[in-house]
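Here is a short report for a reader new to this structure. Take a look at the model before reading on.

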Amino acid sequence: MKILFISSLYPNSIRPDQAPYNRQLICAISEEAEVRVMAPVSWFPGQRMLRRGELPPRSETLDGMGVTHPRVFYTPGVLIHWHWW
């Protein structure tokens, strides 16, 4: 069986302590099935100028599983009522 786990809460090389429960859950599931993880990362223009502008690599391997980090365009505070769209 193949499983694709999609969540914005998953550890990466920049923040390895983020969402330990999700990491444990996926590690347990990966013993029985082939698992790939997609963990989107918020991004906006000029983010590198800020201190928190460091982003994880677009793809990496954690605990023997392939993890991809697609960039999701996000403008904090701008058009906040349209973020759902």
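In which strand does Ile6 lie? Ile6 lies in strand E1. The model shown is predicted.

## Strands E1 and E2

Strand E1 covers residues 2–6, and strand E2 covers residues 34–38. The two strands pair in the parallel sense. Five bridges join them. Lys2 stands opposite Glu34 in E2.

Helix H1 takes up residues 20–30. Together, E1, H1 and E2 make a β-α-β unit. That unit is right-handed.

## A nonpolar surface patch

Is Ile6 buried or exposed? Ile6 is exposed, because its relative accessible area is 54% and the cut-off for exposed is over 50%. Ile6 also belongs to a nonpolar patch on the surface.

## Two residues with positive phi

Most residues other than glycine have a negative phi. Ala19 is not a glycine, yet it has a positive phi of about 50°. Where is Ala19 placed? Ala19 sits in the loop between E1 and H1.

Asp63 also has a positive phi, of about 55°, and is not a glycine. Asp63 is found in the loop between strand E4 (59–62) and strand E5 (65–68).

How values were computed:
Residues numbered from 1 in each chain as written. Predicted model: local features only at pLDDT ≥ 70, side-chain atom pairs only at ≥ 80, totals over all residues. Heavy atoms only, no water. Pairing = 2+ DSSP bridges. Helix = DSSP H or I, 4+ residues; strand = E, 2+ residues; numbered from the N terminus. Right-handed = clockwise from strand over helix to strand, strands pointing away. Patch = residues over 30% accessible without salt bridge, like charges linked within 9 Å, V, L, I, M, F, W, Y side chains within 5 Å. Areas by Shrake-Rupley, 256 points an atom, 1.4 Å probe, with all protein chains shown as cover. Salt bridge = Lys/Arg side-chain N within 4 Å of Asp/Glu carboxyl O. Buried < 20%, exposed > 50% of the residue type's maximum accessible area, 1.4 Å probe, protein only.
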